[in-house]
Amino acid sequence: MRVVVALGGNAMLQRGDKPDADIQLANIRKAVKSLAPLAEEHELVVTHGNGPQVGILALQSAADKSLTIPYPFDVLGAETQGMIGYWLLQSLQNALPGRQVCALINQTLVSAADPAFENPTKFVGPVYDEAEATALAAERGWTVKPDGQYWRRVVPSPRPRRVVETRLIRQLLNSGAIAVCAGGGGVPVMRNELGQLVGVEAVVDKDLTASLLAEALDADALLLLTDVPRVMRGFGTPQAEEIPNATPAILRAEDFPAGSMGPKVDAVCHFVEMTGDMAAIGSLEQAVDILAGKAGTIVTPSGQYPERSVL
């Protein structure tokens with residue numbers, strides 16, 4: 001099978017961890033132990049989040065007095081792709097001697113007409129008081145909004161349209177290599193009036209990009225691996241219950257938080273609706289069992305696990 005895996009933030013930072021490099025590398029090595037069995041049996045694409053890492057780089061850039069202005073978010077995203085991609089690349093190579101692994105810096109095309117650009121909502125960077133936020137907005141062309149008692153910068157989160165390097169990723173898979181790509185949803189870019197690619201100050205949802213990429217690569221399965229065993233109906237309430245399997249229509253009828261499970265559910269539903277194949281959300285440690293239909297929340301057109309054997 002051709003499998004696209006999207007790693008959640010817990011693959012690099014467990015809740016409460018300090019974001020030190022050695023801690024993140026240790027967590028990635030642990031995560032790769034769950035991915036290696038998949039790679040031994042299947043073609044594998046690995047995507048990953050970058051929220052904590054890009055936040056740290058944004059703070060460092062904002063505090064660097066040698067810079068006239070902080071680095072833009074597309075550049076920071078590319079930096080995290082290189083850093084996290086290196087850790088995953090090395091860990092996969094060590095876990096699978098002789099297997100070719102490639103980590104790519106990817107661009108994700110977004111539309112200039114996306115309504116997200118008219119109403120930025122994604123909070124990024126540090127907090128400010130209202131006066132400082134207003135001054136920074138005027139100086140740097142930022143959009144700022146209140147976040148609790150403080151103010152923060154907000155950037156658009158447009159929907160991904162295409163991973164620019166999709167053909168190259170397909171070539172890598174066809175050659176037998178593992179591809180690590182589309183980190184943090186990919187570096188957001190759009191085409192200018194000359195048709196040239198230019199970076200955009202925005203953040204692309206990693207799970208939506210993983211879904212888009214899986215569709216474009218004709219993947220057989222999309223796995224969103226996180227720190228929860230299954231999607232929960234009524235999460236945080238006394239009536240909470242796990243959803244072991246579902247159709248896209250069943251999941252879309254539920255109300256999931258926009259900032260956490262909502263985009264994941266949207267991503268798996270879109271993939272299943274567009275391809276008729278299988279997608280799942282579940283725990284990283286259960287990756288093999290999820291692909292076998294024995295764990296996680298399995299999403300298929302019928303709501304049942306495919307009858308064909310995959311392992």
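Which residues is Leu222 in contact with, leaving aside its neighbours within four places in sequence?

**Entry 1. Leu222 and the cores**

I worked on a predicted model throughout. I looked up Leu222 and, setting aside neighbours within four places in sequence, found it in contact with Val4, Ala210, Ser211, Ala214, Ala267, Val268, Phe271, Met278, Ala279 and Ala280. I then turned to the nonpolar cores. The largest has 35 residues, and Leu222 is among those with the most contacts inside it, together with Val4, Val45, Ile169, Leu213 and Leu251. I noted which elements supply at least two residues each to this core: β1, α5 (166-174), α6, β12 (221-226), α8 and β16 (278-283). Helix α8 gives the most, with 7 residues. Apart from this core I recorded another, of 34 residues, which includes Ala36, Leu38, Leu88 and Leu225. As general background, I note that nonpolar side chains tend to be buried together in soluble globular proteins.

**Entry 2. The sheet of 8 strands**

I traced an open sheet of 8 strands in the order β3-β9-β2-β1-β12-β16-β17-β15, and its pairing is mixed. At its edges I found β3 (101-103) and β15 (245-246), each of which pairs on one side only. For Ala246, I identified Val299 in β17 as the bridge partner. I also examined α5, which lies across β1, β2, β3 and β9 (178-180) and runs at about 140 degrees to β2.

**Entry 3. The sheet of 4 strands**

I next followed an open sheet of 4 strands, ordered β8-β4-β10-β11, again with mixed pairing. Strands β8 and β11 stand at its edges with a single partner strand each, so one side of each has no neighbour in the sheet. Strand β10 (residues 187-191) pairs with β11 in the antiparallel sense, over 3 bridges. Within that pairing I looked up Arg191, whose bridge partner in β11 is Leu197. Helix α3 (residues 73-95) packs on this sheet and touches β10 and β11; I recorded an angle of about 135 degrees between its direction and that of β10.

**Entry 4. Salt bridges**

How many salt bridges does the structure hold? I recorded 12. I examined three of them by residue.

The side chains of Arg2 and Glu43 meet at 2.5 Å, N to O. Because Arg2 lies in strand β1 (residues 2-7) and Glu43 in strand β2 (residues 43-48), this pair ties together parts that are 41 residues apart in sequence. I checked the exposure of both partners: Arg2 is buried, at a relative accessible area of 11%, whereas Glu43 is partly exposed, at 28%.

Arg153 forms a salt bridge with Glu201, and I noted 3.1 Å between the closest N and O atoms. This pair links distant parts of the chain, 48 residues apart: Arg153 is in strand β7 (residues 150-155), and Glu201 is in the loop between β11 (197-199) and α6 (206-216).

Arg159 and Asp266 meet through their side chains in a salt bridge of 3.2 Å, N to O. Arg159 lies in the loop between β7 and β8 (162-163) and Asp266 in helix α8 (residues 261-275), so the pair ties together parts 107 residues apart in sequence. I found Arg159 to be partly exposed, at a relative accessible area of 32%. I then asked which residues are linked with this pair in a network of salt bridges. The network consists of Arg159, Arg252, Asp266 and Glu273.

**Entry 5. The aromatic pair**

I searched for aromatic pairs, and the count came to 1. Tyr128 and Trp142 form this pair, at 6.4 Å centre to centre and with 45 degrees between the planes, and I classed it as tilted. Tyr128 lies in strand β5 (residues 122-128) and Trp142 in the loop between α4 (130-140) and β6 (143-147), so the pair ties together parts 14 residues apart in sequence. Are the two partners buried or exposed? Tyr128 counts as buried, at 10% relative accessibility, and Trp142 counts as buried at 15%; the cut-off for buried is under 20%.

Terms used
Residues are numbered from 1 along each chain as its sequence is written. This is a predicted model: local features need pLDDT of at least 70, side-chain atom pairs count only at pLDDT 80 or more; totals for chains, interfaces and linings use all residues. Side-chain values use heavy atoms; hydrogens and water are left out. A salt bridge is a side-chain nitrogen of Lys or Arg within 4 Å of a carboxyl oxygen of Asp or Glu. Buried means under 20% relative accessible area, exposed over 50%, partly exposed in between (1.4 Å probe, protein chains only). A nonpolar core is a set of buried Ala, Val, Leu, Ile, Met, Phe, Trp, Tyr and Cys residues joined through side-chain atoms within 4.5 Å. Contact means heavy atoms within 4.5 Å. Rings of Phe, Tyr and Trp (its six-membered ring) pair if their centres lie within 6.5 Å; planes under 30 degrees apart count as stacked, over 60 as edge-to-face and the rest as tilted. Two strands pair if DSSP finds at least two bridges between them. Axes are lines fitted to C-alpha atoms, for helices over the stretch in contact, and angles run from 0 to 180 degrees between N-to-C directions.
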